[in-house]
Amino acid sequence: MTSTVNGYFGAYILSSSTGIVLNNEMDDFSIPGNVSASPPPAPPNFIRPGKRPLSSMTPAIVLKDDQLRAVVGASGGALIIPTTAEVLLNHFARGMDPLSSVMAPRVYHQLLPNAVRYENWTSVTGDHFEVPTQIRKSLQKKGHILEPLTSGAICQFIVHKAWTENEVTPEIVAVSDPRKGGVPAGF
């Protein structure tokens, strides 16, 4: 399940009847004149009755031959979509194992600002994430403007390895992104 509270504690309000932290999804609307917003405010996303806020939530369920192969979700605002795509591509297109798919350093480009932002930071658990120098030089050679990021999106990835003739039960591999200090837990 993927849901959002828009920040660590959402709207900073806890429902007294349910104990659920209320979200701050109103933050996903555009506000005229907000010059610090990314992307910049756009009239189609202004707060109006009956409108839905723009959200980057991108949970994905991957199936092959009607069988579950993976489930993925991320947090991190505008970085959610490229993070989800990169993790899925790392695993399914590049053949990386689930942990390596999540651990790989990421690059982000959103059109505005017109720059390739790349990870260069150390997480709360001490893991360092940085796009290799060779890739950065190659991007600069192609004319890209590069900006290092001191944080990034957080991805949770579960891979369901299908039954084979030699396996009695399928294997489930869960990876919690160490960028936020997460660890998988199950029974």
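Select R117 and show the residues around it: R117 touches L79, R106, V107, Y108, Q110, E147 and L149, leaving out residues up to four places away in sequence. The model on screen is predicted. R117 lies in strand β4, which covers residues 116–122. Is R117 buried or exposed? R117 counts as buried, because its relative accessibility is 15% and the limit for buried is under 20%.

The C-alpha atoms of R117 and K161 are separated by 33 Å, while along the chain the two residues are 44 residues apart.

**The two domains**

Now zoom out and colour the chain by domain. The domain assignment gives domain 1 as residues 1–55 and domain 2 as residues 60–180. How far apart do the C-alpha centres of domain 1 and domain 2 lie? The C-alpha centres lie 25 Å apart.

Select β1, β2, β7 and β8. These strands form an open sheet of four strands, in the order β1-β2-β7-β8, and the pairing is antiparallel. Which are the edge strands? The edge strands are β1 (60–64) and β8 (171–176), each of which pairs on one side only. From one strand to the next, the twist averages 10°.

Strand β2 spans residues 67–75. How many bridges join β1 to β2? Five bridges join these strands, which run antiparallel. I61 stands opposite V71 in β2, and L63 stands opposite L68 in β2.

**The turn of the hairpin**

Follow β1 to its end. β1 and β2 form a hairpin with two residues between them. D65 in the turn has a positive phi of about 55°. Select D66 next, in the loop between β1 and β2. D66 has a positive phi of about 60°, although it is not a glycine. In general, most residues other than glycine have a negative phi. D66 is exposed, because its relative accessible area is 73% and exposed means over 50%.

V35 is in the segment before β1. V35 is exposed, with a relative accessible area of 81%. From C-alpha to C-alpha, V35 and D66 are 46 Å apart in space, and in sequence they are 31 residues apart.

**The segment before β1**

Go to Y12, in the segment before β1. What is the phi of Y12? Y12 has a positive phi of about 60°, although it is not a glycine. Y12 is exposed, with a relative accessible area of 71%.

**The annotated positions**

T4 is partly exposed, with a relative accessible area of 24%. Leaving aside neighbours within four places in sequence, which residues is T4 in contact with? T4 is in contact with N23, E25 and M57.

Then move to V5, which is also found in the segment before β1. V5 counts as partly exposed, at 28% relative accessibility. Show its surroundings: V5 touches G10, A11, V21, N23 and N24, not counting residues up to four places away in sequence.

Conventions
Residues numbered from 1 in each chain as written. Predicted model: local features only at pLDDT ≥ 70, side-chain atom pairs only at ≥ 80, totals over all residues. Heavy atoms only, no water. Domains from an automatic or database assignment. Pairing = 2+ DSSP bridges. Axes fitted to C-alpha atoms, helices over the stretch in contact; angles between N-to-C directions. Buried < 20%, exposed > 50% of the residue type's maximum accessible area, 1.4 Å probe, protein only. Contact = heavy atoms within 4.5 Å.
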